[in-house]
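Please read the following note with the structure open beside it. The points are numbered so that each may be checked in turn.

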Amino acid sequence: MDHRVRSHDGFWTVSDVDLDDLLRVVDVDTDESLYEHAIGVESGVIVYDAAAVEEIVDDLDRRRRVLGEIAHAIGAGPGVVAFRGAVDPDAVHRSSAVCDTILRREREAGISAADHFAVAGANERAWNTLEKLALDDPGTFVDYYASETIALASEAWLGPGYQVTAQINVVNPGGAAQAPHRDYHLGFMTDDEVARFPHHVHTMSPMLTLQGAVAHCEMPIESGPTKLLPHSQKYPLGYLAYRQPEVAAAFEERFVQLPLDVGDAVFFNPALLHAAGDNRSADVRRVANLLQVSSPLGRAMERVDRTAVVRAIYPALRRRRDAGWSERAVGAALGAAAEGYAFPSDLDNDPPVDGLAPATQADIVRRALDEGWTNAQLDEALTALDRRRRVV
């Protein structure tokens with residue numbers, strides 16, 4: 001059944017989730033014939049030889065065909081592609097050594113990176129390793145991100161001008177799996193928050209980011225490489241579905257995993273249901289560089305100093321509220337003024353410890369209004385938030 005027809009008000013809720021509809025979407029085979037440049041299909045995942053693809057994309061027409069093929073796989077196909085030999089292994093090993101130093105340095109400093117979908121302490125993670133690697137070892141950074149495969153996959157889904165972020169993630173032997181989930185943007189919200197977005201945003205959100213992972217070690221299945229549910233990105237209610245027990249059970253019955261070698265990469269639609277697997281190995285320290293690539297188009301035309309705007313209007317907001325303005329009117333004015341989204345942030349200093357995302361600037365102003373903060377109290381809180389988010 002088409003949920004866009006069934007839900008007439010333009011919004012979905014958890015009650016609209018239908019497991020049978022999801023299963024009809026995912027219980028299909030991947031059509032290998034649609035992907036002429038692939039070397040095969042493994043467990044429903046389109047697999048490419050990175051070196052072979054890189055050899056042919058100097059020709060503009062062939063490059064466009066490859067880009068279109070990858071985009072089709074990520075969007076209308078299984079939702080996931082793998083590239084064998086995506087990043088030079090020597091650059092991977094050198095990057096791993098730098099990242100080990102970063103992890104050790106952060107442990108000694110008492111920094112513990114939280115995970116959005118795993119039990120706290122289940123793994124080791126360092127946020128923003130793209131920047132940290134560049135500052136610690138510029139040569140290794142250049143050699144690593146000279147990967148034409150990373151660039152090709154990113155451009156295929158997002159077009160030129162994309163922005164790369166990265167986090168190193170380590171799961172030691174015995175490390176437990178994540179819960180199945182979708183990713184940023186809507187995937188980092190609660191069900192109630194997701195339900196506030198209209199249908200078309202559920203469809204649009206996956207087009208704003210691309211997820212990727214580069215293997216920094218050999219990853220046999222027992223080490224727990226990412227569990228994937230091919231084609232699940234095509235279920236329109238997936239952002240509301242993934243926390244439902246019956247959906248999690250269906251995921252566990254159907255997920256696939258690919259063994260990876262050093263330098264192999266997997267790229268997938270952020271709406272694909274996925275989860276890091278259990279590391280059941282005795283001796284594999286599973287290390288991956290998690291890539292999140294963002295569209296350049298999801299940004300405002302003008303740069304606004306919203307902290308300055310909020311500081312300026314707070315006294316007027318308090319007066320209007322005290323005079324009897326409705327919460328909707330106050331919220332409308334605040335929505336135009338304050339930063340209402342938690343990202344991007346410096347997740348080392350502003351981690352998602354109490355939920356999927358840090359508090360927003362708008363959340364802080366609402367609290368200030370509710371608790372009757374003075375201008376000085378709000379100023380102190382805004383300054384602390386800017387410091388955590390590294391706003392300069």
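1. A helix, as the word is used in this note, is a DSSP run of H or I of at least four residues, and helices are numbered from the N terminus. The model under review is a predicted one. Helix H7 covers residues 138-145, and because Phe-141 and Tyr-145 are 4 residues apart in helix H7, about one helical turn separates them.

2. How many aromatic pairs does the structure hold? The count is 6. One of them joins Tyr-48 and Phe-83, whose rings are stacked at 5.2 Å centre to centre, with 20 degrees between the planes. This pair links distant parts of the chain, for Tyr-48 belongs to strand S2 and Phe-83 to strand S3, 35 residues apart. Tyr-48 and Phe-83 are both buried. Together with Phe-267, Tyr-48 and Phe-83 make up one aromatic cluster.

3. Two arginines deserve a separate remark. Arg-182 lies over the face of Tyr-239, 4.6 Å from the ring centre. The charged end of Arg-320 is placed over the ring of Trp-325, at 5.9 Å from its centre.

4. At the N-terminal end, Asp-59 caps H4, with a side-chain oxygen 3.2 Å from the backbone nitrogen of Asp-61.

5. Which residues of H4 are buried? They are Val-66, Leu-67, Glu-69, Ile-70, Ala-71, Ala-73 and Ile-74. The elements against which these buried residues pack include strand S2 (45-49), helix H3 (50-56) and strand S3 (80-84). Helix H8 (148-158), strand S6 (209-215) and strand S8 (265-268) are also among their packing partners.

6. Asn-128 is found in the loop between strand S4 (124-126) and helix H6 (129-136). Its relative accessibility is 27%, so Asn-128 counts as partly exposed. The side chain of Asn-128 makes a polar contact of 2.9 Å with the side chain of Glu-131. Leaving aside residues up to four places away in sequence, Asn-128 touches Ala-166, Gln-167 and Arg-390. Between the C-alpha atoms of Asn-128 and Ala-177, which are 49 residues apart along the chain, the separation is 22 Å.

Terms used:
Residues are numbered from 1 along each chain as its sequence is written. This is a predicted model: local features need pLDDT of at least 70, side-chain atom pairs count only at pLDDT 80 or more; totals for chains, interfaces and linings use all residues. Side-chain values use heavy atoms; hydrogens and water are left out. Buried means under 20% relative accessible area, exposed over 50%, partly exposed in between (1.4 Å probe, protein chains only). Helices (H or I, at least four residues) and strands (E, at least two) are DSSP runs, numbered from the N terminus. Contact means heavy atoms within 4.5 Å. A polar contact is a pair of N or O atoms within 3.5 Å; within protein, one must be able to donate a hydrogen and the other to accept it, and residues adjacent in sequence count only if both atoms are side-chain atoms. Rings of Phe, Tyr and Trp (its six-membered ring) pair if their centres lie within 6.5 Å; planes under 30 degrees apart count as stacked, over 60 as edge-to-face and the rest as tilted. A charge sits over a ring if NZ of Lys or CZ of Arg is within 6 Å of the ring centre and within 35 degrees of the ring normal.
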